[in-house]
Amino acid sequence: MWFRDYYIILITFLLLFCGPGVFAQNLDVDILKAINPEHPDSKYWQYTSNSIYYVPASVTFGQLFYGMGQGSGLTRNRSYETFISIGLSGIIGEILKYTIKEVRPASRYPGIIFASTETKDPSFPSGHTLVAFATATSLALEYKKWYVTGPAFLWASSVGFSRMYLGKHYPSDVFVGMALGVLSGVVSHRFSINVLKSYNMK
């Protein structure tokens, strides 16, 4: 277990230190051009992208209220674990955005990349993708059931794709967001086991 967790952390930091250069710039743009249409106005992908504003909160508070209602310390502490994962991912994302300050693709390549709406803040990494994968990883580690893990990662992957479809992020932004989200989930899970002692509770 520890070897696997350290391996995930090591790979994540290798990706992070590669930064936006994970992909060659031309490849990054070419992939994005293939995904991003001239009029990225699909309501489905807009709703998928916006789901990041309520799905993680719903999962966290759903676990908390269920745990309180059923008197389950394990479920209650799982809500804390998910919250820590989401919070950590958000902090990491904001620090990196304003440290690296990568220009959004539609601003750097006008007439080539088309954004659904104008976005001013920096691009790298994709915060939506980071939080989505932090949430999915937490759920996967907490429950270890295919019917939880499968839908969780399908949703998180859809959020990542939506950010490229909508012209908001490069593939490298999304790729590193995925890796950092997984890292956040792993770190919060280890914290839950070793500090909160969640998995010794009923």
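Which helix does histidine 128 lie in? Select histidine 128 and you'll land in helix α7; helices here are DSSP runs (H or I, at least four residues; strands are E, at least two), numbered from the N terminus.

Before you click on, a word about the model. It is predicted, so local features need pLDDT of at least 70 and side-chain atom pairs count only at pLDDT 80 or more, while totals for chains, interfaces and linings use all residues. Residues are numbered from 1 along each chain as its sequence is written, and side-chain values use heavy atoms, with hydrogens and water left out.

**Stop 1: around histidine 128**

Histidine 128 has 13% relative accessibility, so it counts as buried (under 20% relative accessible area; exposed is over 50%, partly exposed in between, with a 1.4 Å probe and protein chains only). Now show its contacts, meaning heavy atoms within 4.5 Å. Leaving aside neighbours within four places in sequence, histidine 128 touches Ser49, Ile52, Tyr53, Val159 and Arg163.

**Stop 2: the salt bridges**

How many salt bridges does the structure hold? There are 2, each a side-chain nitrogen of Lys or Arg within 4 Å of a carboxyl oxygen of Asp or Glu.

Pick arginine 104 and aspartate 121: their closest N and O atoms are 2.8 Å apart. Arginine 104 sits in the loop between α5 (73-100) and α6 (105-108), and aspartate 121 in the loop between α6 and α7 (127-143), so this pair ties together parts 17 residues apart in sequence. Arginine 104 is buried at 7% relative accessibility, whereas aspartate 121 is partly exposed at 24%.

Then hop to glutamate 118 and lysine 120, whose closest N and O atoms are 2.7 Å apart. Glutamate 118 is exposed, with a relative accessible area of 66%, and lysine 120 is exposed too, at 73%.

**Stop 3: the nonpolar cores**

Next, select Val29, Leu32, Ile35, Trp45, Ala106, Tyr109, Ile113, Met164, Tyr165, Leu166, Tyr170 and Val174: these 12 residues make up the largest nonpolar core. Such a core is a set of buried Ala, Val, Leu, Ile, Met, Phe, Trp, Tyr and Cys residues joined through side-chain atoms within 4.5 Å. Helices α2 (25-35) and α8 (146-165) each supply at least two of its residues, and α2 gives the most, with 3.

Zoom in on leucine 32. Neighbours within four places in sequence aside, leucine 32 is in contact with Pro105, Ile113, Met164, His169, Tyr170 and Pro171.
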